[in-house]
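I set down what I looked up, in the order in which I looked.

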Amino acid sequence: MSLLHQRCDPYGYGTDRGPRHLMGGVFGPEYAGSDLVLEDGLHGIGVCERQADGWFVMQCPVAHTGPRMPLCWQHKVMIERRMAATCTACVMPPESRALWEDQRRAEESLRRAYGARDEQAVARLKALIEDIGAQQVELTRRGLTPRRPMKLVEVS
Ligand SMILES: [Zn+2]
Ligand SMILES: [Zn+2]
């Protein structure tokens, strides 16, 4: 193994600039030891002082990948072990994402309808939200929202 002259950077995992779209936000501070949680309590893993042992990408079985990250072996092992990650690109395909957005809009309209005491709109929107929920269930039933764990794969 050659020396990379590159610091291990697991820090990106806990932040918005990390591959959050692939982590689904499952990587919270509760996964790190108290000595690794930063002051703000938001970043799950602290800044690592070690040299990186290699470049890694998160990858799911159908090859959705995250950005290249320099990691030391300790962090490689720790991140893989502690992250019961589900690939959110798999679990939330575009059809599913579109449904979630429909649902968010419908819920927003529902709040307004309640505010306006518009009972007809409330009934219509409740039915719509139920229908969206049923469509989500249908996607899952058809196996279109699989939960696939991710792995760190070494890259050059
Ligand atoms: Zn490290
Ligand atoms: Zn995937």
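Entry 1, the helix pair. I looked up how helix α4 (residues 94–115) lies against α5 in this predicted model. Their axes come within 9 Å and cross at roughly 160°. An angle over 145 degrees counts as roughly antiparallel, and α4 and α5 are therefore roughly antiparallel to each other. I recorded the crossing of α4 past α5 as left-handed.

Entry 2, the contact. I then listed the residues by which the two helices meet. From α4 they include L99, A106, S109 and L110, and from α5 they include A121, L125, I129 and I132. Sorted by class, the contact of α4 with α5 has 12 nonpolar, five polar and four charged residues.

A121 has 15 C-beta neighbours inside 10 Å and so counts as partly exposed. I also checked A121 against S109: they are 12 residues apart in sequence, and their C-alpha atoms are 8.6 Å apart in space.

I traced an open sheet of three strands in the order β2-β1-β3, with antiparallel pairing. β2 (69–71) and β3 (151–155) stand at the edges with a single partner strand each, so one side of each has no neighbour in the sheet. Neighbouring strands are turned by 50° against each other on average, direction ignored. Strand β1 (residues 54–59) is joined to β2 by three bridges, and I noted L71 in β2 as the bridge partner of G54. Helix α2 (residues 73–82) packs on the sheet and touches β1, β2 and β3. The direction of α2 makes about 150° with that of β3.

Terms used:
Residues numbered from 1 in each chain as written. Chains lettered and ligands numbered in written order. Predicted model: local features only at pLDDT ≥ 70, side-chain atom pairs only at ≥ 80, totals over all residues. Buried ≥ 20, exposed ≤ 12 C-beta atoms within 10 Å, placed from the backbone. Axes fitted to C-alpha atoms, helices over the stretch in contact; angles between N-to-C directions. Helix = DSSP H or I, 4+ residues; strand = E, 2+ residues; numbered from the N terminus. Parallel < 35°, antiparallel > 145°, perpendicular 65-115°, else oblique. Left-handed = near helix turned anticlockwise from the far one by under 90°. Contact = placed C-beta atoms within 7 Å. Nonpolar A, V, L, I, M, F, W, Y, C, P; charged D, E, K, R; others polar. Pairing = 2+ DSSP bridges.
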